[in-house]
Amino acid sequence: MTAVREQIFAAVVAALAGLADEVERMPSGDMSPSGDTALHILDGGQQLDDGEAGTTRWALTVGIDGYVRATGGGAAAHAALNALYVSAVQALFAALPIAGVSDDIEEGPLSVMVAPRADARFLAFSFDLTVFYATKRGDPATIN
Amino acid sequence: MTDIPGTDAAAALRRCHDKFAVDVTVTGAGLSGATVKAVPSNRAGDAFQGPGRSARTIAWTFMAADLPSAPTRGMTIDDGTTLWRVVDIENLGGSASFRLVVEAAS
């Protein structure tokens, strides 16, 4: 049986595919030097949201990190970063909630960073998406 | 080398610089497309968001005597492969040389 959380992450990856040069789930290294954009999907764990007889409702944290490298200085890189952010959020909200799997999603705070003294203007953003879903008590693979 | 006095020290520093330097084309710091010798460096950048450290810091070190005026941010350095733009300036050895941190300009 496929864990419900696996179904959610698979949907996130599918939604973001093609939006950046690299889209990777649970990366262990940064983007390739050859790429200009990257989206990383990180599992932020999950917390108990609610429960009733026979049902466990979870708040799953999906971390989305975006990277943009540009040669046109700060304005060009920042504009590209904002464009990547918009396309990622729009794609995620179009793909989630998944009918019959997750019932609600919420976007968390956004943070933006600049790599100091990098060999090209290099910016990153990071935000969390909270996905709510309910499973049968004691069975993370069965939706309830 | 620190006990080499006066002009000998300057000459030794110059020889040392030229030994490791390559020719680059500089615009800025009083130069306009002039060829100057600069020593390249390429090392890991400062820690950054994410699991890895893909950012690199590239810098060029110039002898101050080769630059008619002090370097400024925005001056460009062309090494024949990449056009670099200066984003950070370090002053070394009491202005004897400048280490210029760059980013790709195009």
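Q: What makes the meeting of the side chains of A:R121 and B:E103 a salt bridge?
A: In this predicted model, the side chains of A:R121 and B:E103 meet at 2.7 Å, N to O; a salt bridge requires a side-chain nitrogen of Lys or Arg within 4 Å of a carboxyl oxygen of Asp or Glu, so the pair qualifies.

Q: How many salt bridges are counted between chain B and chain A, and how many residues does each chain bring to the contact?
A: The count between the two chains is 3 salt bridges, while the contact takes 23 residues from chain A and 25 residues from chain B. The area buried between them is about 1,800 Å², with carbon and sulfur atoms giving 49% of that area.

Q: How do you know that the span of helix α2 of chain A agrees with what its 23 residues should give?
A: Helix α2 covers residues 73-95 of chain A, and at 1.5 Å a residue these should span 33 Å; because the C-alpha atoms at its ends lie 33 Å apart, the two values agree.

Q: Which residues of α2(A) are called buried?
A: The buried residues of α2(A) are A:G73, A:A77, A:L81, A:L84, A:A88, A:V89, A:A91 and A:L92. An α-helix has 3.6 residues a turn, and therefore residues three or four places apart point the same way.

Q: What makes β1 and β4 of chain B a pair of strands?
A: Strand β1 (residues 22-28) and strand β4 (residues 76-78) of chain B run antiparallel and are joined by 3 bridges; pairing needs at least two bridges, so these strands pair. Within this pairing, B:T25 stands opposite B:D78 in β4(B).

Q: In what order do the 6 strands of chain B close into a barrel?
A: The order is β1-β2-β3-β6-β5-β4, with antiparallel pairing, and the twist from one strand to the next averages 45°.

How values were computed
Residues numbered from 1 in each chain as written. Chains lettered and ligands numbered in written order. Predicted model: local features only at pLDDT ≥ 70, side-chain atom pairs only at ≥ 80, totals over all residues. Heavy atoms only, no water. Helix = DSSP H or I, 4+ residues; strand = E, 2+ residues; numbered from the N terminus. Expected span 1.5 Å × (residues − 1). Buried < 20%, exposed > 50% of the residue type's maximum accessible area, 1.4 Å probe, protein only. Axes fitted to C-alpha atoms, helices over the stretch in contact; angles between N-to-C directions. Contact = heavy atoms within 4.5 Å. Buried area = accessible area lost by both parts, 1.4 Å probe.
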